[in-house]
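Reader: Can you walk me through this model? I'd like to keep it quick.

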Amino acid sequence: MSHILILGGTTEARRLAAELAVRDGVRVTTSLAGRVARPGAVDGDVRIGGFGGAEGLGAWLREHRVDALVDATHPFAASITANAAHAAAATGTPAVVLRRPGWRPGPGDRWHEAASLAEAATLLPGLGQRVLLTTGRLGLAAFAHLDGLHFVVRSVEPPEPPMPPDMEVLLARGPFTEADETALLRERRIDVIVTKDSGGEATAAKLTAARTLALPIVIVRRPPLPDGVTAVPDVTGALEWLARI
């Protein structure tokens, strides 16, 4: 029986696990970091928590006789992806990164790209006073020094300090519709949006709503993938890669 380890936490990871769990001769284990208190249901075996870096992951791959590793973590989980690449190389485990394509600006978009949350924070004072921040519950420290700005922070779970002095929290999980996003931007009188380039459709409606309302968006670019890794854009690509190996 082939044992496939998925580093999960994304919609694509759940879809891949569902595809593999019903196949004969395949055992699939999905590993979740444990940062979300109530993760969605996942088919197959599930483990929660970190591995202890690249060496810990390598030891787990050997101990559990993993035949293939699929890194389907969030595009901004750079340390996990780096550890996975290192562990796979050290153990000789075939590995692939399942990474959904990033967003691309269209006609009428007012995008301002930033290499980090810290750089995004430096752009805000010149773009607006009321900010919709959709960068997740971690990393708000980059904006904690900004006085005179009002932040509407949207997150699946309560954010962690340090946080901006003037902020309100909206706890919500996508997918969101364009109508809902447009209503939110109008009701909260948002001037500018800050988001990470997560890609995918679940949270893309805010981009269309911002275009309609002619609002600027600060887009935090993704960290690059480690050198030499194989990447596929979707679940179909991951299944085809698994079939080849």
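Predicted model: local features only at pLDDT ≥ 70, side-chain atom pairs only at ≥ 80, totals over all residues.

Reader: Okay. How is the chain divided into domains?

Author: Domain 1 covers 2-101 + 223-243, and domain 2 covers 111-220. The bounds come from an automatic or database domain assignment. Their centres, taken over C-alpha atoms, are 29 Å apart.

Reader: What's the strand order in the open sheet?

Author: β3-β2-β1-β4-β5-β12, six strands with parallel pairing. Strands are DSSP runs of E, at least two residues; helices are runs of H or I, at least four; both are numbered from the N terminus. Two strands pair if DSSP finds at least two bridges between them.

Reader: Which are the edge strands?

Author: β3 (45-48) and β12 (231-232), each pairing on one side only.

Reader: And how many bridges join β1 to β4?

Author: Four, and the two strands run parallel. L5 stands opposite L69 in β4.

Reader: Which strands does helix α2 lie across?

Author: Helix α2 (residues 53-63) lies across β1, β2 and β3. Its angle to β1 is about 155°. Axes are lines fitted to C-alpha atoms, for helices over the stretch in contact, and angles run from 0 to 180 degrees between N-to-C directions.

Reader: Switching to cores. How many residues has the largest nonpolar core?

Author: 20, and I4, I6, L16, L20, V70, L98 and L242 have the most contacts inside it. Such a core is a set of buried Ala, Val, Leu, Ile, Met, Phe, Trp, Tyr and Cys residues joined through side-chain atoms within 4.5 Å. Buried means under 20% relative accessible area, exposed over 50%, partly exposed in between (1.4 Å probe, protein chains only).

Reader: Which element gives the most to this core?

Author: α7, with five residues.

Reader: What is I4 in contact with?

Author: Leaving aside neighbours within four places in sequence, I4 contacts L20, V26, R27, V28, T29, A68, V70 and L242. Contact means heavy atoms within 4.5 Å.

Reader: Last one, F176. Buried or exposed?

Author: F176 counts as buried because its relative accessibility is 18%. F176 is in the loop between β9 (167-171) and α5 (178-187).

Reader: What does F176 touch?

Author: R154, E181, A202, T203 and A205, not counting residues up to four places away in sequence. F176 and A205 are 29 residues apart in sequence, yet 6.3 Å apart C-alpha to C-alpha.

Definitions and conventions:
Residues numbered from 1 in each chain as written. Heavy atoms only, no water.
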